[in-house]
Amino acid sequence: MRAVIAEDLALLLDGLTRLLRDNEIEVVAAVGDGDALVHAVLRERPDIAIVDIRMPPTFRDEGLRAALTLRERVPETAVLIISQYVEGTYARELLADGRGGVGYLLKDRVMDVDAFVEAVRRVADGGTALDPEVVAHFVGHREDRLAALTPRENEVLGLMAEGRSNASIAEALVLTVGAVEKHVASILQKLRLPPSDETHRRVLAVLAYLDSA
Amino acid sequence: MTILRPLFTSATYKSLLFLLAAPLIGGAALGVLIAGWAAASSFLIVTPLVVAVLVGFRGAVGLLAWCDAGLGRALLGVDVRPRIGSGGNGYWGRGKAVVADRSFWKQQAYLALRATVGFGMAMVELALVAAALGSITYPIWYRWGKGNKLRFGSWHVDHFPRSLVLVPAGIVGLVVAAWLARLLGRAWAGIIRGLLADGTRESVGASRHARRLALGIHAGVAAGIGALLLVIWALTGHGYVWPEWVLLPLALQLASHAWIELVEDRPRLRPGGSRAMSVHLGLSVALFAFLALVWAVTTRGYFWPVWPALGLAIALVVHAAIAWVSRGNRLARRVDVLEATRAGAVDVQDSELRRIERDLHDGAQARLVALGMNIGLAEQQLDKDPKKAHEHLAEARKAASAALQELRDLARGIHPPILADRGLDAAIRALAAHAAVPVSVDAELAERPPVAVETAAYFVAAEGLANALKHAQASRINIAVHERAGAVVVRVLDDGRGGVSEADGGLHGLRQRVEALDGTLRIASPGGGPTVLEAVLPCER
C-alpha cells in the first residue's frame, strides 16, 4: 500500500512515517502544507493521503480544505484526516459526497498502533473511520428520522459511524454477527436508503446519523 | 438641565420623524383599506375572484405594516417584523388563511389608527414646533419684518421689549414639543408591539442591510409617487405645477431619512454627542432647503424663509453650546468607566490565568508525571518480567491519552479551534448543533470582526447558551449575531423560566470580559421568562 503524509510538525511527521513503514505501508511522500499535499497526490496517485488539519500558512483548516480538493479531483485516493481536535462540522463536510474512503481521527489514536493501522487500511479500502469523539458529539441529539430506530439499533449505528465492521460491532456489543447483520439491515431499511453496494449504504447511514444532530 | 435633555438626544428627533411620517403612511393606508374593502365586498357576492382580491389586499396591508414597522425599527427601536402573507394551500385555502389570519386584522387596526390618531399627533407636533420656532424668532420678525402685529385678546405686542416675552414662551413650547414627541414615540412603540408583533419573535435588531433596504424602498416609493403625479399633471393639460406640493414634502422626508441613515453608520460618532448634533444640523439644513424651495416655487418676493432659518440657527447654536459644556462632564465620566472596566479586565484575565495554571497542574502535568513513571517502571522490568512491563506500558498509554484529552479541553476553553478556523458564524452553529434543545442561529456578518471581539462574542453566545440549558429549562433558544453601527451585537434569547441573576459567577466574568472591550452587556430575565442576554461589542476597523 502507498501513502502520502501531510503534517507540519517534524516530530510527528517522522514518527508517523516510521510507524507506517514498520507496518508495511510505503510512504511515498511526506509534505508540510496543503498545496504540497495536492501536488504530491497528483504526482504519486497513492492509495491514501493522511492529512493534518492545521498547517501553514494560516494554521487554520488548510489540511481539511486540501482534503476536500483531493476528494473532488482524485476520487480514487482515500483521505484520512488526523487532528488534535474533532469538529462535527468537519466530519459532515468530509462525508458530504456520500462516498467511502474517508476517515477523521484524533491524533491520540496513533497510540494504539494496531487499531490505527487497521483504520488506515480500512479507509484505503473504501471504508470509513470516524473517531468515537466525533460520534459521541452527536449522541443524544437526534431528529425524528432516527426516532424510529430502537435503542439497540442506535448503538449499532453509532459503531457503524466509527467505521467498524459487523464482526467488530458484534464483539463490542456481545452479539452474534448474525444478529448485527439483522440490525444493520433494519437500520438501512428504516432510513430508506436506496439499494446499492453495502459500503455506500453504510456511508449514507453514517451521514444520516451526523445530519440528524 | 434634565428637562432640556430631550432637545439634545437623537431619539427625540427620530420619534418626531416617525410621528411626522403618519400623513404619508396613513394616506396610503386609508387608500388601501378603502379600496380593499370596497373590492372585497363587491366581489364577495358574485365570484370566486374574491380570493385573489383578498390575497392582494392582505399583501398590500402587510407591506404597509412592514414598511411602518421598518420605520419603527429604525426610529423608535421597536423590533417587530410583521408578516406580509398569510400562507395557506390551494386557491380557497389561501383565501381562508387570509380571513383566519389574526395578524391581518391587527395590521388593519394598526393602519387605521396610524391614519387617524397618528395623523392627529403629527398635526399637533407640527403646529407646536412651528409655533415655538415662530415665537422664538418673533422679536426679529417684529423689529425688521413687515407682517401683521400679534395680539392675544386684549394683550397686544406693540413695542419691542414686549415681543421679547415670546422668546421664552417659544423655548417652553419647544421643550414641550420634544417631551411630547418622546412620549408619543414611546406610546407608538407600544402600539406597534401590541398590534404588529407576531407570535414568534425572529431575529433581533435592524441590521445594516435591512436599514439600507428600507431606505431603498422609501426612495422607490417616493420616486414612484412623484412620477405618477407628474404623469397625471402632464396628461391633465399641464398648467399650474401642483405636484410640487407633494414632491417637496416627499423630498424632505427622503432627505431626512437618508441623512439619519448616513449618520447612523458612523461608529465614531458617540450617541447623544456629536451624532445628535449631526442629525440636528442635517435636519435643519433639509428643513431650510425645503422652505427655500417652497419660496422659490411660490411668490419669490420677500425672502421669508430667512426667519425660520434664523430660528433653526439659534437652536443649533444653543445645542452646540450645551454639547460643548457637557463634553467636559462626559470625558470625566468616561475616565471613570475606563478605570472600572480596566480593573475588571485585569481581574478577569488574572482569574482566567489562575484557572489555566490550576488545570495544567492538577491535570496534564500530573498525567505526564504518571506517564514518565510508568515508562521508567517498564524499563526496569523489561528483562525481569516482560508481562509486568507490558502492563506498565499500557498504563503509560492511558495516561498519555488522558493528558491529551485534558489539554484539548483546556485549549477549547481558551479559544475554540473552529472559531479560529471558520469564524463566529460556524463556531456558534457548531455550539448550537450540540445543544440538547433546538437552537436557531441568525448570523449575518459581512466580514470577520477583530479577534478579541470575535472571541468575546463567541463566549457570550456560549455562556448564554449554557445558562439557558442549565437553569432556564428553555424549550427554544435563539442566538442572533449581527452588525449595528460599527459594533457586533450578540443576543441569546430563551423561552425558559427566567429569573437569571448576575450573581452566577459566569455572567459576572462575562460582563467584565465584554466591558474590557468597551462593550455593554444587558441581561433581562424577569421571573417566568423570557431571558435575553445581549452584548454590544464595538469594533474599531
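Predicted model: local features only at pLDDT ≥ 70, side-chain atom pairs only at ≥ 80, totals over all residues.
**Group meeting: rings, cores and a chain contact**

B:Arg114 lies over the face of B:Phe18, with 4.0 Å to the ring centre.

Over all chains, the count comes to nine. One of them joins B:Trp188 to B:Tyr110: the ring centres are 5.5 Å apart and the planes stand at 80 degrees, so this pair is edge-to-face. Where do the two residues of this pair sit in the chain? B:Tyr110 belongs to helix H5 of chain B, residues 102–136, and B:Trp188 to helix H8, residues 166–196. They are 78 residues apart, and the pair links distant parts of the chain. Both B:Tyr110 and B:Trp188 are buried.

Next is the pair of B:Phe288 and B:Phe303. Their planes are also given at 80 degrees, with centres 6.5 Å apart, so this one is edge-to-face. B:Phe288 is in helix H11 of chain B, residues 274–297, while B:Phe303 is in the loop between H11 and helix H12, which covers 306–381. The separation here is 15 residues. B:Phe288 has 31% relative accessibility and counts as partly exposed. B:Phe303, with a relative accessible area of 31%, is partly exposed as well.

There is also a cluster: ring pairs link B:Trp37, B:Phe57, B:Phe104 and B:Trp105.

Now the cores. The largest nonpolar core has 94 residues. Which residues have the most contacts inside it? They are A:Leu37, A:Ile81, A:Tyr104, B:Tyr458 and B:Ile477. Helix H16 of chain B, residues 451–472, gives the largest share of this core, 11 residues. Apart from this core lies another, of 38 residues, including B:Ala29, B:Ala65, B:Val80 and B:Phe104. As background, nonpolar side chains in soluble globular proteins tend to be buried together.

Leaving out residues up to four places away in sequence, A:Ile81 touches A:Val51, A:Ile53, A:Gly63, A:Leu64, A:Ala67, A:Leu94, A:Gly103, A:Tyr104 and A:Leu105.

Chain A as a whole has 11 helices and six strands. Of its 213 residues, 52% count as buried. Among contacts in chain A between residues at least 6 apart in sequence, 67% join residues at least 24 apart.

Next, the contact between the chains. Chain A puts in 22 residues and chain B 18 residues. What is the area buried between chain A and chain B? The value is about 1800 Å², and carbon and sulfur atoms give 44% of that. The rule finds five salt bridges across this interface. As for a particular salt bridge, A:Asp61 forms one with B:Arg422, and the closest N and O atoms are 2.4 Å apart.

B:Thr341 counts as buried because its relative accessibility is 10%, with the limit for buried at under 20%. Setting aside its neighbours within four places in sequence, B:Thr341 is in contact with B:Glu515 and B:Ala516.

Methods:
Residues numbered from 1 in each chain as written. Chains lettered and ligands numbered in written order. Heavy atoms only, no water. Core = buried A, V, L, I, M, F, W, Y, C linked by side-chain atoms within 4.5 Å. Buried < 20%, exposed > 50% of the residue type's maximum accessible area, 1.4 Å probe, protein only. Helix = DSSP H or I, 4+ residues; strand = E, 2+ residues; numbered from the N terminus. Contact = heavy atoms within 4.5 Å. Phe/Tyr/Trp six-rings, centres within 6.5 Å; stacked < 30°, edge-to-face > 60°. Lys NZ or Arg CZ within 6 Å of the ring centre and 35° of its normal. Buried area = accessible area lost by both parts, 1.4 Å probe. Salt bridge = Lys/Arg side-chain N within 4 Å of Asp/Glu carboxyl O.
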